[in-house]
Amino acid sequence: MNIGVDAAAFGMANAVTASTADVNSGYWNPAGLVNLEDNQLALMHASYFANIANYDYGAFAMPLDDRSVVALSLIRFGVDDILNTTQLIDDQGNIDYNRISLFSTADYGVTFSYARALPLDGLNVGVNAKVIRRIIGDFASSWGFGFDAGLQFKTGDWNFGLMARDITTTFNAWSIDEEEFATVQGAVEGQNQELPETTEITIPKLQLGVSRRFVFHYDFSLLAEVDFNFRFAETNDVFSTSFTSMTPAAGLQFGYIDMVFVRAGVGNFQNIQQLDGSDSVGFQPNIGVGFKYKGIQVDYALTDIGDQSAALYSNVFSLKLDWSVFR
């Protein structure tokens with residue numbers, strides 16, 4: 001649930017908390033859903049770790065009236081066809097390749113979003129209710145739940161955004177198959193001797209953003225945004241204390257007649273310890289392009305160009321459809 005969605009947002013280094021205004025707002029800031037004028041559908045696919053892991057996303061948003069919108073989204077991140085070699089050696093110590101089986105591990109996130117325009121002109125609010133499902137073959141699975149809340153305020157060409165993720169702390173309760181666990185419990189001496197913890201907690205995060213849109217000669221536009229991402233824990237973020245850590249992100253989107261888009265962004269500033277023990281600051285530069293025509297928008301992003309951060313680069317593709325295409 002921390003990776004992000006939509007190639008357009010990836011191209012701007014995920015700096016979209018204040019400017020998001022489409023079906024993908026259900027993830028970035030549900031308050032932005034209020035900007036929808038018609039139903040929208042979004043799809044995305046990305047491959048990670050040399051196509052070993054697949055990340056897929058789909059979302060649908062529908063205005064209820066001129067002041068409120070609902071949305072439903074689904075995220076899956078999974079690795080399929082993993083070799084299970086725990087039974088490779090039989091009771092007599094013989095290697096039997098027929099005893100190898102396959103399993104998958106996957107995380108699912110289902111989010112229901114609701115957004116509403118408040119009486120104060122330009123102020124919108126939105127909330128998310130999330131259900132998390134995690135599966136590791138027949139070995140273990142979990143259920144979890146959590147909530148997000150977001151605000152957006154627009155005045156002139158300026159937009160301000162606030163997104164609070166996992167505001168109640170998101171819990172995942174694991175159920176472990178003890179029979180399956182017993183098959184690997186003694187495989188490596190000194191490891192896997194006790195059942196793992198069955199409760200997983202995701203602490204709250206806070207995102208603040210400010211953006212502005214510039215228009216030049218009617219046909220050309222520039223959207224610029226800066227976000228500040230806070231986590232209430234000491235991490236490798238470039239600014240970190242025992243109470244909270246923060247990393248900034250900035251993104252630009254150049255548009256021509258609201259049809260062709262070129263994007264660039266930089267974010268994920270992290271303190272990275274090198275092999276020689278020295279510290280350096282890593283960051284993640286991204287680029288992207290997009291094309292929009294008659295309610296159909298196709299976007300592409302290349303993340304972590306130049307390999308300046310510890311993250312691996314990925315090619316991200318997404319599609320967005322306005323419902324007017326089907327009318």
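1. K130 and D148 form a salt bridge, with their closest N and O atoms 3.2 Å apart; the term denotes a side-chain nitrogen of Lys or Arg within 4 Å of a carboxyl oxygen of Asp or Glu. The pair joins distant parts of the chain, K130 lying in strand β5 and D148 in strand β6 (residues 140-155), 18 residues apart. Both residues are buried, that is, under 20% relative accessible area, where exposed is over 50% and partly exposed in between (1.4 Å probe, protein chains only). K130 and D148 also belong to a network of salt bridges with D166 and K205.

2. The model is predicted: local features need pLDDT of at least 70 and side-chain atom pairs pLDDT 80 or more, while totals for chains, interfaces and linings use all residues. Residues are numbered from 1 along each chain as its sequence is written, and side-chain values use heavy atoms, with hydrogens and water left out.

3. The count of salt bridges comes to ten. One of them joins the side chains of D22 and K320 at 2.8 Å, N to O. D22 sits in the loop between α1 (7-11) and α2, and K320 in strand β17 (residues 314-322), 298 residues apart. D22 is buried at 11% relative accessible area, and K320 is buried at 14%.

4. R231 and D237 meet in a salt bridge of 2.7 Å, N to O. R231 is partly exposed, at 31% relative accessibility, whereas D237 is buried, at 1%.

Key: Helix = DSSP H or I, 4+ residues; strand = E, 2+ residues; numbered from the N terminus.
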